[in-house]
Amino acid sequence: MFFALLVPDPGSRRAAARDRLADAIAIVVALLYGSTMMLLGDARRPGAAIPWQLDLAIGVAGAGALLLRRRWPLPLLLVLLPFGMISVTATGPILVALFSAAIRLRPPVLLALGAANVLTGGIYYLLQQQPAFEIWVDYLVRFLVTAAALGWGQFVQAYRRLTTSLREHAARLEAEQQMREEQARLAERARIAREMHDVLAHRMSLISLHAGALEVRAALRPEELSVAAGAIRTSAHEALEELRAVVGAPRGRPEPPQPGLADVDDLVASVRAAGMVVGFDSAVPVDGPPVVLGRTAYRIVQEGLTNARKHGSEPRAAVRMEGGAGQCLRITIDNPISGTDMGSPPGGGLGLVGIGERVALAGGDFRYGWEDGVFRLEAELPWPA
């Protein structure tokens, strides 16, 4: 509570009330010290420099002027210091003004002001006709109280700087934590967006392919119509299930496993079942790569086949995978493309951008291009030994 009074929180509602309380305490302390010095010193003895009533009035006026100590600490102290040569009651307000200045000013200035206050004690002694004590007593008392006021003020200044620094440090930490949380949210949103693109683009292209076949072939036998409708329903159901897995599993249910390299065969089979001719050649060891690497490879093949099905000039593609531990996993996907489609990346290149991000995160290499009517996508992923 005491240190909160010395260092009020600048943003709190109680700061103004604490300032008023501190001003009241400062005035009371100044009056008590000045009155005590007047009773113990030479102010009421015969031959005093000024009548004690005037001495007391100067002290009271100086105490009232302490209301300005926070706004003008140095000018207030410079005005009060000369009164220390004629009024012992004024030494109370002077000490409080010294304390207030010590909170805000630099040590060299404070040393000069403190020395001036001690020297006024000698002048006060010389102005008394019958001083009660030797001059060294006046010097000693003024030196001790001046050193106490300046030392305490410097302590409060250091304490305020420390608390301000801690508040700023805490504010920076809070801001950095918020920034990290925001970055994590953005990264998660980007991950979900990539997964949703991969999942929905693949499944919706299958649905589009089946629906297109129904549209072209007007006369279908009931069993053929049933098979095509079942394929559309299955693709839509699988798209919804995979989308739920990407966005998040319902509470209380375990998250389904993400597809990996072992699921590429099923992926190719589903594309073939949709009417696309896919050549698949894999020379990857049976044990397979790590889980994260396998998942990345699956998404690359999925996106490559989606692009081939949506933008290829023919429903045909070739997928090759090779590599091993300690080397790298190479994935190549070829599909025919017409000359009119060779001016820009398929579909504006958004899917290729997603593949590039995945490969970059895995520390691999990614490239694509057109040559002799064939669009080729190549990816190399590091495979730890």
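This is a predicted model: local features need pLDDT of at least 70, side-chain atom pairs count only at pLDDT 80 or more; totals for chains, interfaces and linings use all residues.
Biologist: OK, how many salt bridges does the structure hold?

Modeller: Nine. A salt bridge here is a side-chain nitrogen of Lys or Arg within 4 Å of a carboxyl oxygen of Asp or Glu.

Biologist: What does R69 pair with?

Modeller: R69 meets D23, at 3.2 Å from N to O. The two sit in distant parts of the chain, 46 residues apart: R69 is in the loop between α3 (52-65) and α4 (73-80), and D23 is in helix α2 (residues 15-40). Helices (H or I, at least four residues) and strands (E, at least two) are DSSP runs, numbered from the N terminus.

Biologist: Are R69 and D23 buried or exposed?

Modeller: R69 is buried at 7% relative accessibility, and D23 is buried at 12%. Buried means under 20% relative accessible area, exposed means over 50%, and partly exposed is in between (1.4 Å probe, protein chains only).

Biologist: And which residue does D334 bridge to?

Modeller: R320, with the closest N and O atoms 3.4 Å apart. D334 lies in strand β3 (residues 328-336) and R320 in strand β2 (residues 316-323), so the bridge ties together parts 14 residues apart in sequence. D334 is buried, with a relative accessible area of 11%, whereas R320 is partly exposed at 34%.

Biologist: Which residues are linked in a network of salt bridges?

Modeller: R330, D365, R367, E378 and E380. Within that group, R367 and E378 meet at 3.3 Å, N to O. R367 is partly exposed at 35%, and E378 is partly exposed at 23%.

Biologist: Switching to rings. How many aromatic pairs turn up?

Modeller: Six across the whole structure. One of them is Y368 with F375, a tilted pair at 6.0 Å centre to centre and 40 degrees between the planes. For the cut-offs, rings of Phe, Tyr and Trp (its six-membered ring) pair if their centres lie within 6.5 Å; planes under 30 degrees apart are stacked, over 60 edge-to-face, and the rest tilted.

Biologist: Now helix α7. What's going on with D138?

Modeller: D138 is in helix α7, and it is buried yet has no salt bridge. The nearest side chain of opposite charge is R142, 5.8 Å away; Lys and Arg count as positive and Asp and Glu as negative, with His and the chain ends not counted.

Biologist: So what does D138 touch?

Modeller: G121, Y124, Y125 and F133, leaving aside residues up to four places away in sequence. Contact means heavy atoms within 4.5 Å.

Biologist: Last one: where does L140 lie, and what patch is it part of?

Modeller: L140 lies in helix α7 (residues 135-216) and is partly exposed at 41%. Together with W136, F143 and L144, L140 makes a nonpolar surface patch of about 450 Å². Patches use residues with over 30% relative accessible area and no salt bridge, joining like charges within 9 Å and nonpolar side chains (Val, Leu, Ile, Met, Phe, Trp, Tyr) within 5 Å. The areas come from the Shrake-Rupley method with a 1.4 Å probe, and for residues only the protein chains shown count as cover.

Note on methods
Residues are numbered from 1 along each chain as its sequence is written. Side-chain values use heavy atoms; hydrogens and water are left out.
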